[in-house]
Amino acid sequence: MSAAAPHEPPPDRDDEETASALRKVIHIDMDAFFASVEQRDNPALRGKPVAVGGSSARGVVAAASYEARVFGVRSAMPSVRAARLCPELIFCPPRFEVYKAVSRQIRQIFLHFTPHVEPLSLDEAYLDVTDDLRGIGSATRIAELIRARIKAETGLTASAGVSYNKFLAKIASDQNKPDGLCVIRPGEGAAFVATLPVKRFHGVGPRGAEKMAALGIATGADLAQRDLAFLRQHFGSQADYLYRAARGIDLRRVRADRPRKSVGGERTFERDIGSGPALREVLERIIALVWERVERSGARGRTVTLKLKDTGFRTITRAKSLPGPVADEAQFAEAARALLEGLLPLPEPVRLMGLTLSALEGEGSAPVPTGADPAGQGTLPF
């Protein structure tokens, strides 16, 4: 969201809340999706700590079961560290074709209730159910029916958040995980957000939360006490988003035709890295992490971009565009390694490295089919 000119007044909260309250949005998030599919398909894994991903020295955890999360195992974690945290951890190689097939099955359940489905990845999506096409009676009831059908047809559990905008629906879906439901009704958004730690806000990472803590901002209520000028001074282009989020405001619409522009990931190092061997080792982990996300999104792209940020916070980017879509992880890795080698040796150590695949086409960037079901009409209550 672009920042308004400094002399402009802050957004009118009443007008925005009125506009957003007209919508009924559901966010569905599958519970430990990849790991749950593995446990479903292999009964011997049920109730045990499972990680989807490679167990090699350069492997990365793509997903962790809830049994593994008890030990602190998380997605995007190096597999070596995950194994140290949980010695009994069972690693399963990813089966992305299976995950994609299950995701398509779940997508059809969504489309039974509304054509307005905005997928974020294989395991989560926004649904706009403002129009009661099936005559069900409430957005909450639709969420309950979706969760029940997912359980009956796939054997998997999903958590759901129901609210009047995307920001609140996404926060709500995480509130009662796993296999939970949370509803934030019109008029409740600001009070709900006020109690949350800022690290729960989408887009606020660990370093962002640390910066806020240094400024005395720990919760949504703390953030709401800061005016727009203060936020712009300290958070730049993110200020407008933070100002609205702290008040439970989000005017973004669920877009069934939202194109995905890129898939990527980056890591900020605990210590600055300057040596070629160390940077190459980190790159291998980021390659595995980003390719997992590429597989999860179902997208195909032609351009690989490497991003580095040095100790002076200067950003260096290099990109390579291929004649056709990247065929597999090996080709993606080859392009990424070539980009890094072209920059070595670096004049200064770096604190961050990232990779992105762009110029996308395919499943992850294609529009979701639309077309309203003629059965039923009307606007849905919560």
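With which residue does Glu118 form a salt bridge, and how far apart are the closest N and O atoms? In this predicted model, the partner of Glu118 is Lys166, and the closest N and O atoms are 2.9 Å apart. The pair links distant parts of the chain, since Glu118 belongs to strand β5 (residues 117–121) and Lys166 to helix α7 (residues 166–173), 48 residues apart. Both Glu118 and Lys166 are buried.

## Salt bridges

| Pair | N to O distance |
|---|---|
| Glu118 and Lys166 | 2.9 Å |
| Arg95 and Glu38 | 3.0 Å |
| Glu348 and Arg314 | 2.7 Å |

The side chains of Arg95 and Glu38 meet in a salt bridge; Arg95 lies in the loop between β4 (90–92) and α5 (96–113), while Glu38 lies in helix α2 (residues 33–41), so the pair ties together parts that are 57 residues apart in sequence. Arg95 counts as partly exposed because its relative accessibility is 30%, whereas Glu38, at 7% relative accessibility, counts as buried.

Glu348 and Arg314 also form a salt bridge, and this pair links the loop between α14 (329–341) and β12 (350–362), where Glu348 is found, to the loop between β10 (299–310) and β11 (315–321), which holds Arg314, 34 residues apart. Glu348 is partly exposed, with a relative accessible area of 29%, and Arg314 is likewise partly exposed, with a relative accessible area of 44%. Elsewhere, salt bridges that share partners join Glu38, Arg40, Asp41 and Arg95 into one network.

## Helix α11

In helix α11 (residues 228–235), the buried residues include Leu228, Leu231, Arg232 and Phe235. These four cover an arc of only 100° around the axis, which means that they are on the same side of α11. An α-helix has 3.6 residues a turn, so residues three or four places apart point the same way. On the other side of α11, Ala229 and Gln233 are exposed. The cover over the buried residues of α11 includes α9 (206–214), α10 (220–224) and α12 (239–245).

Asp227 caps the N-terminal end of α11, with a side-chain oxygen 3.3 Å from the backbone nitrogen of Ala229, and just after α11, Gly236 takes a positive phi of about 55°.

Definitions and conventions:
Residues are numbered from 1 along each chain as its sequence is written. This is a predicted model: local features need pLDDT of at least 70, side-chain atom pairs count only at pLDDT 80 or more; totals for chains, interfaces and linings use all residues. Side-chain values use heavy atoms; hydrogens and water are left out. A salt bridge is a side-chain nitrogen of Lys or Arg within 4 Å of a carboxyl oxygen of Asp or Glu. Helices (H or I, at least four residues) and strands (E, at least two) are DSSP runs, numbered from the N terminus. Buried means under 20% relative accessible area, exposed over 50%, partly exposed in between (1.4 Å probe, protein chains only). The arc is that of the directions from the helix axis to the C-beta atoms. Contact means heavy atoms within 4.5 Å. A polar contact is a pair of N or O atoms within 3.5 Å; within protein, one must be able to donate a hydrogen and the other to accept it, and residues adjacent in sequence count only if both atoms are side-chain atoms.
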